[in-house]
Amino acid sequence: MTIYLSNEDVRTLLPMDECIDLMEQVFRDEAEGKAVNLPRQHLPLPKGFHRTVQGIAEGFGVYGMKTYGSDRRPNAPNRTRYLVLLYSLETGALDAIVDARDLGQIRTGAVSGLATKYMAREDATTLGIIGTGWEARAQVAAMNAVRNISHVKAYSRSADNRESFSAEMREKHGLDVDPVDSAEEACRDVDILVTITGANEPVMSGEWLDPGMHVNGIGATGTNRRELDAEAVRRSDLIVVELLEQSRNDSGELLFAEQEGAFDWSNVTELADIVVGKAPGRPSAEAITQFNALGVGTEDLAAASVVYRKAIERGMGVELGM
């Protein structure tokens, strides 16, 4: 039996703290050879895009893919649809088709939270965030789950958006959240910085980074996308990615910095090695650390598998009769 699970089902069944624990298990499994991730595949559509990530999450007993795309023709609905196709490793059956918009939001925050758990200073309490859109909400939740956050500075180009975002985060998390008037102000005097925008050009300068900061670069997910400038890459004492092969193909920030002579790949460590202790997450208290995220298939598959199992236990989802 195949079931369909909606975004509402996902929100009900996947709390942030649990998802952070799931992501930790994903990367432990990877370090032990119990996970396979293929680099993201791109279809060269003439008017739009379509991408697929595939993987095997052996520790969760599943394999499959996340697929998503958007038609950018003038009269087409400009809405990206994200779906996870979840297959059982034991039977090969298609267990579930899962709407993955909210799943992606939650697990993206959870992976940032996991990286921050291992890479930020233990005494980190202040957060700057550039970008106050839909995905930024999960970033604040994740940072607050792994560190005792006392103060947040939030910036986006729209004053109305950053004001409403700050009010929402204050109410939801009980945090002291201030909307600020510039990206530089969001970066100054914070322990953790998150960039989560749709920018194609850098939204922050490496000159604004202070020793001891941890940076999560989350929004730039392609060769044409950059949030961090070359100086921010150059000044990072340690850069951590999910899958080195994929980052070599798709991380616009790292590829551009390499072209500028500000970076070489010997400074990059995979998150799995940090999680299992093969490499340090923080070289020193004064080090600037950076997590440069793109997302990999096993993250989505593991999260979807837990949502699926909970849904079966609770009688949720729509049977598709496949």
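**Chatting through the model**

Visitor: Starting with Tyr87: buried, partly exposed or exposed?
Guide: Tyr87 counts as partly exposed, since its relative accessibility is 23% and the cut-off for buried is under 20%. Bear in mind that this is a predicted model.

Visitor: How many aromatic pairs are there?
Guide: The count is four aromatic pairs. In one of them, Tyr63 and Tyr87 are stacked, because their ring centres are 5.1 Å apart and their planes sit at 15°.

Visitor: Which strands do Tyr63 and Tyr87 come from?
Guide: Tyr63 is in strand β4, residues 62–71, and Tyr87 is in strand β5, residues 81–88. Tyr63 is partly exposed, at 29% relative accessible area.

Visitor: Which residues make an aromatic cluster?
Guide: Phe49, Tyr68 and Tyr82 form one. Tyr68 also has Lys66 over its face, at 5.2 Å from the ring centre.

Visitor: Where does Arg226 lie?
Guide: Arg226 sits over the face of Phe256, 3.6 Å from the centre of that ring.

Visitor: Let's go back to β4 and β5. How do they run, parallel or antiparallel?
Guide: They run antiparallel, with eight bridges joining β4 to β5.

Visitor: New topic: β7. Why is it largely enclosed by the rest of the structure?
Guide: Because five of the five residues in β7 (residues 126–130) are buried. That holds for both faces: Thr126, Gly128 and Ile130 are buried on one side, and Leu127 and Ile129 are buried on the other. In a regular strand, side chains alternate between the two faces of the sheet.

Visitor: How many bridges join β7 to β8?
Guide: Five, and β7 runs parallel to β8 (residues 151–155). Gly128 has Lys153 as its bridge partner in β8. To get from β7 to β8, the chain passes through helix α4 (residues 136–146), and this β-α-β crossover is right-handed.

Visitor: And how many bridges join β7 to β10?
Guide: Four bridges join β7 to β10 (residues 192–195), and these two strands run parallel. Here the bridge partner of Gly128 is Leu193.

Visitor: OK, pockets. What volume does the largest pocket have?
Guide: About 990 Å³. Its lining has 40 residues, and those nearest the centre are Tyr82, Glu135, Gly219, Thr221 and Arg225.

Visitor: Which elements give two or more residues to that lining?
Guide: Those are β3 (48–57), β4 and α3 (101–119). Of the elements, α3 gives the most, with seven residues.

Visitor: How many cavities of 30 Å³ or more turn up?
Guide: The search of the whole structure finds one. The largest cavity has a volume of about 40 Å³, and Asn7, Arg79, Thr80, Arg81, Tyr82, Asp99 and Arg101 line it. Tyr82 is also among the residues nearest the centre of the largest pocket.

Visitor: Which phi does Asp189 have, positive or negative?
Guide: Positive, at about 60°, although Asp189 is not a glycine. Most residues other than glycine have a negative phi.

Visitor: Where does Asp189 lie?
Guide: Asp189 is in the loop between α6 (183–187) and β10. With 64% relative accessibility, Asp189 counts as exposed.

Visitor: Last one, where is Glu258 found?
Guide: In helix α9, residues 252–259. Glu258 is partly exposed, with 35% relative accessible area. The C-alpha atoms of Glu258 and Arg234 are separated by 9.3 Å, and the two residues are 24 apart along the chain.

Note on methods. Residues are numbered from 1 along each chain as its sequence is written. This is a predicted model: local features need pLDDT of at least 70, side-chain atom pairs count only at pLDDT 80 or more; totals for chains, interfaces and linings use all residues. Side-chain values use heavy atoms; hydrogens and water are left out. Buried means under 20% relative accessible area, exposed over 50%, partly exposed in between (1.4 Å probe, protein chains only). Two strands pair if DSSP finds at least two bridges between them. A crossover is right-handed if, with the strands pointing away from the viewer, the path from the first strand over the helix to the second runs clockwise. Rings of Phe, Tyr and Trp (its six-membered ring) pair if their centres lie within 6.5 Å; planes under 30 degrees apart count as stacked, over 60 as edge-to-face and the rest as tilted. A charge sits over a ring if NZ of Lys or CZ of Arg is within 6 Å of the ring centre and within 35 degrees of the ring normal. On a 1 Å grid over the protein atoms alone, a cavity is a set of points where a 1.4 Å probe fits but cannot get out, and a pocket is an open set with protein on both sides within 12 Å along at least five of seven lines; lining residues have an atom within 4 Å of a point. Grid points are joined across faces, edges and corners, and a volume is the space filled by probe spheres set on the points.
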